[in-house]
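Let's take a walk through this model together, one feature at a time.

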Amino acid sequence: MTLQVPYLADEAIERDAEALLAQFAQARGMAIRAPIPIEDIIEKYLKLHIEFDDLHRRLGVPRGGSGTEADIFGAIWFETGEIVIDESLDPEERPSIEGRYRFTLAHEGGHWRLHRRLVQANSGQGSRQPTVVCRSSRAKERVELQADLYASCLLMPRKLVRQAWCQFENDYPRVVVPGDTEDEMTLIRVFDRMRDDEAARRLAWQFFVSPIAMRIRLERLGLLYREGRPALFF
C-alpha cells in the first residue's frame, strides 16, 4: 500500500536520525563510530523483528524482466514490528550487496521512526498486509524519499562523514592547476571527477554503504558537486 505522509523538512528528518543514534549510544554506553551497527539499532534497540523472504511471492507481485528482477526490496508491518527484506538482498547469500541490504534495513527503520505515528494503533490490527511496501518503481513517492533520507542520515551521520572527508582531503589534497585552454579545462574536470569518485569509494568502504549512497550523501552535505541523479532508494 502507499502511505500518504505530510511534508517533513530535511533538517527534521536528520535531527530524528541523530537523536536515534544518540539514544542508542547512551543506552549502550558507547561512542558512535562508522560503520553504524544498524542491525543492533533495529533489532536490539527498536525491538523490531527482521527476516528474509521472497516478498514478491508473499505479496503476490511478479518480479520484473524475465522474472528475476526485484521491484520490492523491503516491507514493514507497524502493528507487529516486523521488517521483511526480500531474499535477493540476503548478505549471507550475496556478500557483495551487504551495503544495499544495510541501507534497506535503515530505510525500513526510517519508516518506523517517521511514519508509524501516522497510522492508528489499531489500524489493520491482525492484518497480513504490510503497512508500507517499498518498491523501486515507487521510489519518488514522498514516503519513500523521506525514508531514503532517514537511512542516509542514520548510516552516514553528518559529523562522522565530515571527519572522514577531512581525513581524505589530508591524504589526497586537490591539485589546483591553471587551465587556459579547453583541453586543459577538460583534463582538470576529469581529474576532479576521478578524485571525487575515489572519495565516494573510500568513504563508502569506511561506512559500509554503497558508493552511490555515499556519493549522494557527500553531495547533500556540499562536499561534492551535485550531479543530476534519480532517487536513491536503497
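Helices (H or I, at least four residues) and strands (E, at least two) are DSSP runs, numbered from the N terminus. What you see is a predicted model, in which local features need pLDDT of at least 70 and side-chain atom pairs count only at pLDDT 80 or more, while totals for chains, interfaces and linings use all residues. Residues are numbered from 1 along each chain as its sequence is written, and side-chain values use heavy atoms, with hydrogens and water left out.

Start with helix H4 (residues 98-115) and helix H5 (residues 142-155), whose axes come within 7 Å and cross at roughly 115°. Axes here are lines fitted to C-alpha atoms, for helices over the stretch in contact, and angles run from 0 to 180 degrees between N-to-C directions. H4 and H5 are therefore roughly perpendicular to each other (65 to 115 degrees; under 35 counts as roughly parallel, over 145 as roughly antiparallel and the rest as oblique). Their crossing is right-handed.

Now move to helix H1 (residues 10-28) and helix H2 (residues 38-45), with axes that come within 11 Å and cross at roughly 75°. H1 is thus roughly perpendicular to H2. Their contact includes Leu 20, Phe 24 and Ala 27 of H1, along with Ile 41 and Tyr 45 of H2.

Most residues other than glycine have a negative phi, and most peptide bonds are trans. The loop between H2 and S1 holds Lys 47, which has a positive phi of about 65° although it is not a glycine.

Next comes the open sheet, where four strands follow the order S1-S3-S2-S4 with mixed pairing. Two strands pair if DSSP finds at least two bridges between them. Strand S1 (49-53) and strand S4 (132-135) stand at the edges with a single partner strand each, so one side of each has no neighbour in the sheet. S1 pairs with strand S3 (residues 82-86) in the parallel sense over five bridges, and Asp 53 stands opposite Asp 86 in S3.

Finally, look for aromatic pairs (rings of Phe, Tyr and Trp, taking its six-membered ring, with centres within 6.5 Å; planes under 30 degrees apart count as stacked, over 60 as edge-to-face and the rest as tilted). The structure holds four. One of them joins Phe 78 and Trp 112 edge-to-face, at 6.0 Å centre to centre and 75° between the planes. Phe 78 lies in the loop between strand S2 (72-77) and S3 and Trp 112 in helix H4, so this pair ties together parts 34 residues apart in sequence.

Technical notes. Left-handed = near helix turned anticlockwise from the far one by under 90°. Contact = heavy atoms within 4.5 Å.
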